[in-house]
Amino acid sequence: MAIAKAERLMNLALCLLGTRRPLSKRELRESVEAYLEAGSDDSFNRMFERDKDDLRELGLVIETVESLDGEIGYLARRDSNRLPPITLDAEEAAALGLAAKVWQQARLAGAASGALQKLRAAGLPEDVNPYEPHSALEPRIPVHEAAFEPLMLACRDRRPVVFDYRKANAAQPEPRHVEPWALECWRGHWYLAGFDRDRGAERVFRLSRITGKVRSRGSRFTAPVPDVVTVRETVASWAGETADRSALIRLRTGAGYPLRAKATGVRELGDGWDELEIPYGHGLDAWLVEFGPDVVVLEPAELRADVVDRLRAVAKG
C-alpha cells in the first residue's frame, strides 16, 4: 500500500510539473493510472485532495487556477519549485566529506555518494573534492556500533525504539523505551539523546553499551523534541568536564590511565599505589566503578558512599 501511494504521488507530481497549462481534475484522472481505478467520483475526489495536500506538505508548490469558463485547474510551475543555487566553500565541502565517510562505515555508502553527486550537479565547485582532507591531520569519526544506523534512521523518522542497555554499574542489561532525538560523537564514542519513557525524563545513552538489536515501535512521540539537544554538554558534565570540585582517590600503579590524564595532581604513595586529585562532577561515581579494585575513593565521603553503593549493586547482580 505504501509503495502504491508513493507511486501515485510521484505520477501526480510529474503531471503537475510537466504541464504548461492548468490541468482539470478530469484530465488528471485520465493521466494517472491509479485514479482510473477509483470506484466512483467521490472516491477519486477524496483520493486526489489527500494526494494534493500530501504533495504540498512535502514542499511542492501547487497553484489552483480558474479558467474563463469557471473550470478549476492545477499545475506546479517549475520556476516556483526550483531550488536556489547551492554554494559551498572548501570548509563546508570538507565537512560534508567527513559526514559521507561516517555513512560509508554505516552501510549507507550508496546514499552518501549519491547525495554528494547531486550536490556537485547543483553547484558544488568542481575544484573542491569533499573527500580530500584540507589539513595535514585528517579527522576521522569511527562508527563501529551496530546500533548507529537504526538509531540514526529512527531519529530522522521520529520513531520510538526499544533496546537493551547495560549501565556502567549493572551486571545485566535492561530494556529501555526511548524516543530518540539526536546522535553525536564525543571523544571517539557515539551517544544518543532522547526521552526515556520508563523514567519520564531526558537521558543520554552510550551506543557501545547497547546490546542486541534496536527495535522500532510504530507509536508516535509523547514528549516534545527540544529545539537544541545538548548531547556533548550533557556527557561532558556527567564525565566531570564542568566540575567545580575535586576528589581524592588512590589508584593502583600502572592502572587507570584515563584517570591519570584528568588528574590535577599525582603523588606516589609506594606499595603499588598513587594518590590522585581529579575533577569531581556528576557521574564520576559511575566512571570510577569501571576501574574496579584499582581505585579507592578517599574523599569526599559522599562520592565514596556512591561508589560503594554501585559496587554492592554489581555484586548482587
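In this predicted model, Phe-291 has a relative accessible area of 17%, which lies under the 20% cut-off and therefore makes Phe-291 a buried residue. A search of the whole structure finds nine aromatic pairs, and two of them, both edge-to-face, are set out below.

| Pair | Distance between ring centres | Angle between planes |
|---|---|---|
| Tyr-165 and Phe-205 | 5.1 Å | 80° |
| Trp-287 and Phe-291 | 5.8 Å | 70° |

The pair of Tyr-165 and Phe-205 counts as edge-to-face because its planes stand at 80°, an angle over the cut-off of 60 degrees. Since Tyr-165 belongs to strand E4 (residues 161-165) and Phe-205 to strand E7 (residues 201-206), this pair ties together parts that are 40 residues apart in sequence. Both Tyr-165 and Phe-205 are buried. Elsewhere, Tyr-35, Phe-44, Phe-48 and Tyr-74 form one aromatic cluster.

The second largest pocket holds about 320 Å³ of space, and its lining comprises eight nonpolar, two polar and one charged residues. Helix H1 (residues 2-18) gives the most to this lining, with five residues; the lining residues include Leu-9, Met-10 and Leu-17, along with Leu-55, Arg-78 and Asn-81.

Arg-260 is placed in helix H9 (residues 257-262). Which side chain makes a polar contact with the side chain of Arg-260? The partner is Asp-274, at 3.0 Å. Leaving aside residues up to four places away in sequence, Arg-260 also touches several others, among them Leu-251, Arg-252, Val-266 and Leu-276.

Note on methods: Residues are numbered from 1 along each chain as its sequence is written. Side-chain values use heavy atoms; hydrogens and water are left out. Helices (H or I, at least four residues) and strands (E, at least two) are DSSP runs, numbered from the N terminus. A polar contact is a pair of N or O atoms within 3.5 Å; within protein, one must be able to donate a hydrogen and the other to accept it, and residues adjacent in sequence count only if both atoms are side-chain atoms. Contact means heavy atoms within 4.5 Å. On a 1 Å grid over the protein atoms alone, a cavity is a set of points where a 1.4 Å probe fits but cannot get out, and a pocket is an open set with protein on both sides within 12 Å along at least five of seven lines; lining residues have an atom within 4 Å of a point. Grid points are joined across faces, edges and corners, and a volume is the space filled by probe spheres set on the points. Ala, Val, Leu, Ile, Met, Phe, Trp, Tyr, Cys and Pro count as nonpolar, Asp, Glu, Lys and Arg as charged, and the others, Gly among them, as polar. Rings of Phe, Tyr and Trp (its six-membered ring) pair if their centres lie within 6.5 Å; planes under 30 degrees apart count as stacked, over 60 as edge-to-face and the rest as tilted. Buried means under 20% relative accessible area, exposed over 50%, partly exposed in between (1.4 Å probe, protein chains only).
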